There are 2 protein chains.
Amino acid sequence: MAPQIITTIAKLREAVRAIRAAGRSLGLVPTMGALHDGHLSLVKRSNERCDVTLVTIFVNPTQFGPNEDLEKYPRTLDADLEALSELQVDIVFAPSNDELYPANFSTFVETAQVAEPLEGECRPGHFRGVITIVMKLFQIATADVAFFGRKDYQQAAVIQAMVRDLNVPIEVEVCPIIREEGGLALSSRNRYLTNDEREQSLAISRSLRMAEQLVCNGERDPTVVQRAIRQEFDTAGIDRIEYIAIANGETLEPAEQIDEGTVALIAAFVGSTRLIDNCLIGQSIAD
Amino acid sequence: MAPQIITTIAKLREAVRAIRAAGRSLGLVPTMGALHDGHLSLVKRSNERCDVTLVTIFVNPTQFGPNEDLEKYPRTLDADLEALSELQVDIVFAPSNDELYPANFSTFVETAQVAEPLEGECRPGHFRGVITIVMKLFQIATADVAFFGRKDYQQAAVIQAMVRDLNVPIEVEVCPIIREEGGLALSSRNRYLTNDEREQSLAISRSLRMAEQLVCNGERDPTVVQRAIRQEFDTAGIDRIEYIAIANGETLEPAEQIDEGTVALIAAFVGSTRLIDNCLIGQSIAD
């Protein structure tokens, strides 16, 4: 079924009112388009939980830094709509920049703590842009549940902090990472990779699996695990590493010792493409 | 009728759900307590427009600067409830600090532009605290209309900018200033004034009436009006003036020439009490 495509806030509010009047529950899947199976897994999860699924497609300029890839970020609306038409998506909201950021726009949401390390350090202002647009979409869609991928682990944590702190009446569900067969976490930016770089990038997920295995075998020292990951990167020839963090999965502060809530997070450039990935390496401790 | 008193977010959400389920409209009157006839006029307006009226009473710590009057701000819950019991108020939400600002709270809303001059300069961080708590109350109450007094002219403008920019699904109605017979704008802080100071403070509203009259008589030069106001303050012996602004009523930028949208805004100390007041001095031009 082809989804209804809406480009204005007023029309979307109208559609949401009709959904509410019919007593139907609403799931929201915010995306920047260039959809892959990771996004589609969020849509499927929304289908499972909600009567109606709304997908938003908007490349949000305020979350890109001045030297980042806003200009070249893939915009593939036709292909996106085709992919969505094979699933049960009721509405696609694909607004213009001016619709969401009219002249005189000057309000932002910022969260400290969980937004500060890692991506927060590498990409100043990134999370401010992310949670501002997410807050706007939450206010416009007034959905019951919003779905985000765990691939952007810290983003999900920041959004959850915002929802908690500002009492936003929405449930946030964070869904599993979807990977290619070789292990590479799906990302819209993977299409920037050459074949050689794609091969090289496999070291990222490989190093995380290895880290998980080390913990499974009893290792509890973050620096040992971190060193092993770095070794894997050295071997693969990935030398532009932004961070390899072994952190508390809730606060994202460096873990002093690995426990069941520990997450390993990586950001690195492969060629000119910045990739991120993560793994809840402490999960075996809970089992 | 005595209102239902609620102190937790969870209970308030429950009450709001019941109101919604009954198909009733909801008006929100956010206050810091120490209620006076200005607040009560907002309640009456909500009664006129909405089926159910919710008054919140919370002295919001994040909007007070380190050297401001948070500690001594009047807290008069019993008297407030008595005043409200004479009106049609269905719910009073009077939460604790911990209920609204639990440990690890770290998210704030900030707006630039209209929040920057005047109060923004005199009280750094004030509007950040205001719109953060207002946003939280909007998210918890999910009211149809929220009522604010025009006495806090810039506050109302900042809240309107926030609602517009973040697409918050609520209507903000700004209601007229309520004054004592002598002209003094009602404020919870008026109770700090000694009898002599109360007398002296009348110069504030007197100067605004005079400014309005000057414009009515054809004056269009902001500096002339500003000087006349200052003269009034000199005569009254008020020498600690924070600002006397003749500004565009929407942007709050200094007016180059007085027109129908011009507002005069004043902040001054009378004794140790900081008072603010304002007047839409250009209204006669529109008539």
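This is a predicted model: local features need pLDDT of at least 70, side-chain atom pairs count only at pLDDT 80 or more; totals for chains, interfaces and linings use all residues.
Figure 1. Of the contacts in chain A with a separation of 6 or more, 69% join residues 24 or more positions apart. The secondary structure of this chain comprises 10 helices and 10 strands. Chain A is as compact as a globular protein of its length, because its radius of gyration of 19 Å is close to the 19 Å that the globule rule gives for 287 residues. Buried residues account for 41% of the 287 residues in chain A.

**Figure 2. An open sheet of three strands in chain B.** Strands of a sheet pair through backbone hydrogen bonds, in either a parallel or an antiparallel sense. In this sheet of chain B the order is β8-β9-β10, and the pairing is antiparallel. The edge strands are β8 (240–248) and β10 (273–279) of chain B, each of which pairs on one side only. On average, neighbouring strands of the sheet are turned by 10° against each other, with direction ignored.

**Figure 3. The pairing of β8(B) with β9(B).** Strand β9 of chain B covers residues 262–270. Eight bridges link β8(B) and β9(B), and the two strands pair in the antiparallel sense. Within this view, B:I246 stands opposite B:A264, a residue of β9(B).

**Figure 4. Two helices of chain B packed on the sheet.** Helix α8 of chain B, residues 195–216, touches β9 and β10 of chain B. The direction of α8(B) makes about 20° with that of β10(B). Helix α9 of chain B, residues 222–236, touches β8 and β9 of chain B. The direction of α9(B) makes about 155° with that of β8(B).

**Figure 5. The packing of α8(B) against α9(B).** Two packed helices are described by the angle between their axes and the distance between the axes. For α8(B) and α9(B) the angle is about 155°, and the axes are 9 Å apart. Angles over 145 degrees count as roughly antiparallel, and α8(B) and α9(B) are therefore roughly antiparallel to each other. The crossing of α8(B) past α9(B) is right-handed. On the side of α8(B), the contact is made by B:Q200, B:A203, B:R206, B:S207, B:M210, B:A211, B:L214 and B:V215. On the side of α9(B), the contact is made by B:V225, B:A228, B:I229, B:E232, B:F233 and B:A236.

Conventions
Residues are numbered from 1 along each chain as its sequence is written. Chains are lettered from A and ligands numbered from 1 in the order in which they are written. Helices (H or I, at least four residues) and strands (E, at least two) are DSSP runs, numbered from the N terminus. The radius of gyration is taken over C-alpha atoms; the globule rule is 2.2 Å times the number of residues to the power 0.38. A residue is buried if 20 or more other C-beta atoms lie within 10 Å of its own, exposed if 12 or fewer, and partly exposed in between; C-beta atoms are placed from the backbone. Two residues are in contact if their C-beta atoms, placed from the backbone, lie within 7 Å. Two strands pair if DSSP finds at least two bridges between them. Axes are lines fitted to C-alpha atoms, for helices over the stretch in contact, and angles run from 0 to 180 degrees between N-to-C directions. Angles under 35 degrees count as roughly parallel, over 145 as roughly antiparallel, 65 to 115 as roughly perpendicular and the rest as oblique. A crossing is left-handed if the near helix is turned anticlockwise from the far one by less than a right angle, and right-handed if clockwise.
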